[in-house]
Amino acid sequence: MRKRKASASAGLRVSVGPSAEDTLEIMPLGAGNEVGRSCVLLKFKGKTVMFDCGVHPAFSGLLSLPFFDMIDDPSAIDLVLVSHFHLDHCAALPYFLEKTTFNGRVFMTHPTKAIYKMLLTDFVKLSTSPADEMLYTEVDLQHSMEKIERINYHEEVEHNGIKFWCYNAGHVLGAAMFMVEIAGIKVLYTGDFSRQEDRHLMGAETPHVSVHVLIVESTYGVQIHQPREERERQFTTYVYDIVRRGGRCLIPVFALGRAQELLLILDEFWEKHPELHNIPVYYASSLAKKCMTFYQTYINMMNEHIRSQFAISNPFVFKHVADLSSEDFDDSHPCVVMASPGMLQSGLSRKLFERWCADKCSGVILPGYCVEGTLAKHLLNGAPEVINSLSGQELRRRCSIHYISFSAHSDFQQTSEFIDELLPLYVVLVHGDANEMGRLKGALSNKYENRDLEVLMPRNCQPVQLQFRGDKSAKVVGKLAAEPPTQKRRLSGIIVRKDFTHRVMDSSELETYTQLRVNQVAQRLKLPCTHTLATLARCLLQIFDDVTGVKAEDGAEVLTGSDESKTSLTVYGGAVTIKWVSVGMLLLSWASNPQNDMVADAVVATVLNIEANPLVALKAVGPAKGAEAESYERIAAVLGKHFGTAEYDPGTICIAVTCDGACATVALPDTAVTCDDTVLKARVENVLAWIAGSVLRIKPPVVAVKKEVAAPTPSLITVKKE
């Protein structure tokens with residue numbers, strides 16, 4: 001896969017050497033070079049989104065599921081977004097929610113969730129699989145309902161750093177196209193969509209935002225649909241011819257979706273033709289009758305024609321269409337029956353086909369897309385004369401077969417115009433037969449050969465990897481933003497990352513600009529000690545310049561001699577406090593930070609050392625000397641180790657260094673070196689520089705007191721994060 005730079009319109013600048021996090025991966029688990037079991041996995045920046053979760057209508061049981069075994073860890077999936085209620089887009093959802101470790105969030109529109117329950121309840125009841133081979137039960141379905149959240153068109157939701165919202169997709173009631181934004185990269189998944197308005201639904205919307213990746217259906221490839229009026233005229237002509245010659249007309253449809261469109265057409269056509277009033281039109285779906293209330297409930301999601309008609313009368317209460325509640329009805333006379341399923345693979349539509357197929361006066365009208373492997377597709381591919389029934393018998397087919405597409409899927413013209421308006425960087429084709437998809441890819445590649453656009457058609461389980469990398473930036477807020485930015489200005493603060501945004505702030509303002517709170521860890525450690533605090537203080541004074549004794553009743557004062565009226569010690573400006581908690585047991589306490597932890601480590605090492613080597617403690621106990629005198633003697637001892645002879649003279653406050661007959665004098669406390677031998681002088685100065693950083697006692701930190709000045713109103717500065 002070739003790597004591509006994001007265009008300027010995308011608002012990103014591509015950097016060299018992208019990391020694994022900059023790779024956006026799209027992998028179809030279903031609907032890759034096929035129609036059925038739609039399921040597409042999107043991964044980017046450690047986030048994972050699943051679009052749709054359907055079954056394949058040509059298979060049953062586990063074979064009908066998407067390739068879930070390609071998912072490393074279902075619990076790592078953040079979101080499942082379901083586009084609409086058709087089984088090939090949602091019927092595997094209860095299995096995925098109840099039979100895997102997935103624990104993310106699931107979203108679909110209000111009508112989709114309402115009809116989803118009805119459709120899948122019917123799907124479970126009509127399943128022909130043995131009980132032990134069923135994908136899920138009605139109990140599983142009910143549990144899945146509790147996990148599904150509803151979303152409105154254009155409602156923006158954010159979860160775990162993923163922003164998403166949806167648009168009307170046409171196709172069926174409640175169908176949605178989902179826009180997902182992760183780290184500024186926008187991916188639009190169309191699901192099944194149609195931009196053409198029909199008798200009851202509006203056409204799909206066009207998002208008015210830039211899209212980086214478009215995952216689009218390719219059901220009809222390069223085909224172009226007939227105008228709606230022409231399709232309706234041809235459809236009613238087929239129906240009229242079949243019933244007028246004395247035949248029975250079978251229209252296999254899905255329970256919901258195109259069925260409502262065809263019912264509106266037939267009811268209007270029968271009203272205009274009185275000669276047909278004695279010929280019954282049946283709609284054989286108890287499920288559709290139940291779900292029809294949802295069409296009335298969500299009338300506001302339909303087009304203007306239906307909404308205006310609804311103000312006068314309910315357009316879904318049909319005058320010339322009757323519900324068929326039983327399979328046993330008088331079919332000895334001409335009639336029209338709309339029955340599900342639409343692919344003739346089972347159910348009432350299959351039974352009626354087997355009953356009527358030998359009658360040359362009867363006819364079948366296939367009004368939508370037919371999936372490979374189904375009887376409907378078999379009939380379209382040459383209309384065979386012999387059909388195998390579900391019971392295994394061979395049946396002679398003499399009835400007529402007609403096809404007219406009322407499928408609310410996008411054709412080549414709609415898809416290409418959609419791409420023209422969105423101008424994505426990548427187009428990923430799904431939900432299409434391999435041949436149709438290949439033709440569409442070729443046509444789109446030719447059309448956009450002079451544009452920075454790449455068309456991809458991955459197979460099932462074949463990942464597509466796209467590279468997107470933008471410059472990381474951080475907003476400086478609060479005190480740090482009080483001064484305008486200058487070249488090479490050093491900023492010292494805390495970088496706070498939330499999802500994919502960064503802000504730099506002073507640590508004192510963490511609670512102001514974030515929901516974080518500053519806490520401090522208090523460390524406490526008990527140590528056995530058989531020596532006095534005065535002895536311990538003398539030992540610590542060999543390391544630290546500041547060891548203070550504290551009386552229980554009168555506050556802090558310098559500990560000297562063997563004053564045991566002191567009950568605790570503080571070291572290094574109060575970094576560590578030492579006190580007795582019981583006989584022979586010391587308690588060290590300090591506020592944990594890197595500096596204080598190191599001081600505490602030194603104190604612990606000192607206590608352990610004097611306990612293991614009592615002579616160290618004995619040497620530390622003696623006539624008290626001034627802190628400066630001890631330091632000067634220590635310097636002289638180190639110089640003596642380097643040069644042979646070095647003596648400290650308290651009278652002149654100097655150190656005399658002798659090496660190979662040459663003499664050097666070190667004046668204290670500024671450690672200025674006087675010597676006629678330049679080589680010796682340089683050597684002594686180098687050793688003194690090392691002593692200053694390694695041998696002298698550690699001084700406590702100097703706390704600078706600053707005058708508080710009112711800061712101006714904080715402004716925002718954008719800086720590039722290194």
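The points below go through a predicted model, from its confidence to its local features.

1. Overall make-up. The protein has 722 residues, of which 49% count as buried. Its secondary structure comprises 18 helices and 36 strands. Among contacts with a separation of 6 or more, 69% are made by residues 24 or more positions apart.

2. Confidence. The mean pLDDT of the protein is 84, and 87% of the residues score at least 70. Element by element, the highest mean belongs to strand E4 (residues 79-81), at 98, and the lowest to strand E36 (residues 717-720), at 35.

3. The pLDDT is below 50 over residues 552-565, a stretch with 26 contacts in the model beyond near neighbours in sequence. Residues 703-722 also stay under 50, and the model has 30 contacts for them beyond four places in sequence. Those contacts should be read with these scores in mind.

4. The largest core. The largest nonpolar core contains 129 residues. Met-50, Phe-51, Leu-93, Phe-96, Ile-215, Phe-235 and Ile-251 have the most contacts inside it. The element that gives the most to this core is helix H6 (residues 258-272), with eight residues. In soluble globular proteins, nonpolar side chains tend to be buried together.

5. Around Phe-51. Leaving aside residues up to four places away in sequence, Phe-51 touches Ser-38, Cys-39, Val-40, Leu-42, Leu-81, Phe-178, Val-180, Tyr-189 and Ile-215. Ile-215 is itself listed with Phe-51 among the core residues with the most contacts.

6. Cysteines. The count of disulfides is zero. Cys-335 is buried, at 1% relative accessibility. Cys-461 is likewise in no disulfide, and the nearest cysteine sulfur, in Cys-39, is 9.9 Å away. Cys-461 is partly exposed, with a relative accessible area of 21%; buried would require a value under 20%.

7. Cis peptide. The peptide bond between Ser-340 and Pro-341 is cis, with omega about 5°. Pro-341 sits in the loop between strand E15 (335-339) and helix H9 (347-356). Most peptide bonds are trans, and most residues other than glycine have a negative phi. The next point takes up phi.

8. Positive phi. Ala-183 has a positive phi, near 55°, and is not a glycine. Ala-183 lies in the loop from strand E9 (176-182) to strand E10 (185-189), and is partly exposed at 29% relative accessible area. Asp-660 also has a positive phi near 55°. The loop that holds Asp-660 runs between strand E33 (654-659) and strand E34 (662-667). Is Asp-660 buried or exposed? Asp-660 counts as exposed, because its relative accessibility is 81%, and the cut-off for exposed is over 50%.

9. The E34-E35 pair. Three bridges join E34 and E35 in the antiparallel sense. Thr-665 has Thr-674, in E35, as its bridge partner.

10. Arg-397. This residue is in the loop between strand E18 (394-396) and strand E19 (400-403). Is Arg-397 buried or exposed? Arg-397 is buried, with a relative accessible area of 13%. Beyond residues up to four places away in sequence, Arg-397 touches Cys-357, Leu-379, Ala-383, Pro-384, Glu-385 and Ile-387. The C-alpha atoms of Arg-397 and Pro-384 are 7.2 Å apart, with a sequence separation of 13 residues.

Key: Residues numbered from 1 in each chain as written. Predicted model: local features only at pLDDT ≥ 70, side-chain atom pairs only at ≥ 80, totals over all residues. Heavy atoms only, no water. pLDDT = per-residue confidence, 0-100. Helix = DSSP H or I, 4+ residues; strand = E, 2+ residues; numbered from the N terminus. Contact = heavy atoms within 4.5 Å. Buried < 20%, exposed > 50% of the residue type's maximum accessible area, 1.4 Å probe, protein only. Core = buried A, V, L, I, M, F, W, Y, C linked by side-chain atoms within 4.5 Å. Disulfide = S-S within 2.5 Å. Pairing = 2+ DSSP bridges.
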